[in-house]
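Please read the following note alongside the sequence and the three-dimensional view.

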Amino acid sequence: MLVRLIQNRRALKDDQKLKKLYVKKHDERTIQIQTLARNTAMQIMLLGGLVATTIAGYFSITVSLTILACIVTASILSLLLVGYYSKKL
C-alpha cells in the first residue's frame with residue numbers, strides 16, 4: 001500500500017508519469033489478465049479447500065465443517081455473481 005501511495009504521489013507531480021500510470025491501470029489487456037488470474041486462483045482455492053476438508057476430517061470434524069462452510073459460501077457467491085453478470089452483460 002505504501003509503495004502504491006508513493007508511486008501515485010510521484011505521478012501527481014509529473015504529467016508524463018501520470019499519463020503512463022493511467023494507461024497502465026486502464027489497459028484492457030492487463031485487466032483481462034488480472035481477471036483470468038483471479039478466476040484461476042479462485043478455482044484452485046476451492047479445490048484446495050476440498051482437499052483440506054477431506055484431510056481435516058481425519059483430525060477434527062469442527063475444522064472440516066468450517067472449511068466446508070467456507071467453500072460452500074464461496075461457491076454460492078460465485079454462482080450468484082455469474083448470474084448477475086450474465087444478466088448485466
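Which helix supplies the largest share of the nonpolar patch?

1. Basis of the note. This is a predicted model, in which local features need pLDDT of at least 70 and side-chain atom pairs count only at pLDDT 80 or more, while totals for chains, interfaces and linings use all residues. Residues are numbered from 1 along each chain as its sequence is written, and side-chain values use heavy atoms, with hydrogens and water left out.

2. The nonpolar patch. The largest share of this patch, six residues, comes from α4. The patch covers about 760 Å² and is made by Leu47, Leu50, Ile61, Leu65, Leu68, Val72, Ile76 and Leu80. Both α3 (28-57) and α4 (61-88) supply at least two of its residues. Patches consist of residues with over 30% relative accessible area and no salt bridge; nonpolar side chains (Val, Leu, Ile, Met, Phe, Trp, Tyr) are joined within 5 Å, and like charges within 9 Å. A salt bridge is a side-chain nitrogen of Lys or Arg within 4 Å of a carboxyl oxygen of Asp or Glu. Accessible areas come from the Shrake-Rupley method with a 1.4 Å probe; for residues, only the protein chains shown count as cover.

3. Val72 is found in helix α4. Val72 is partly exposed, with a relative accessible area of 40%. The term means between the limits for buried (under 20%) and exposed (over 50%), with a 1.4 Å probe and protein chains only.

4. The positive patch. On the surface, Arg9, Arg10, Lys13, Lys17 and Lys20 gather in a patch of positive charge. Two or more residues come from each of α1 (2-13) and α2 (15-25), and α1 gives the largest share, three residues. Arg9 lies in helix α1 and is exposed, at 54% relative accessible area. Lys and Arg count as positive and Asp and Glu as negative; His and the chain ends are not counted. The place of a charge is NZ of Lys, CZ of Arg, CG of Asp or CD of Glu.

5. Fold and overall form. The protein chain has four helices and zero strands. Its radius of gyration is 20 Å, well over the 12 Å that the globule rule gives for 89 residues, so the chain is more spread out than a compact globule. This radius is taken over C-alpha atoms, and the rule is 2.2 Å times the number of residues to the power 0.38. Helices (H or I, at least four residues) and strands (E, at least two) are DSSP runs, numbered from the N terminus. Buried residues make up 10% of the 89 residues.
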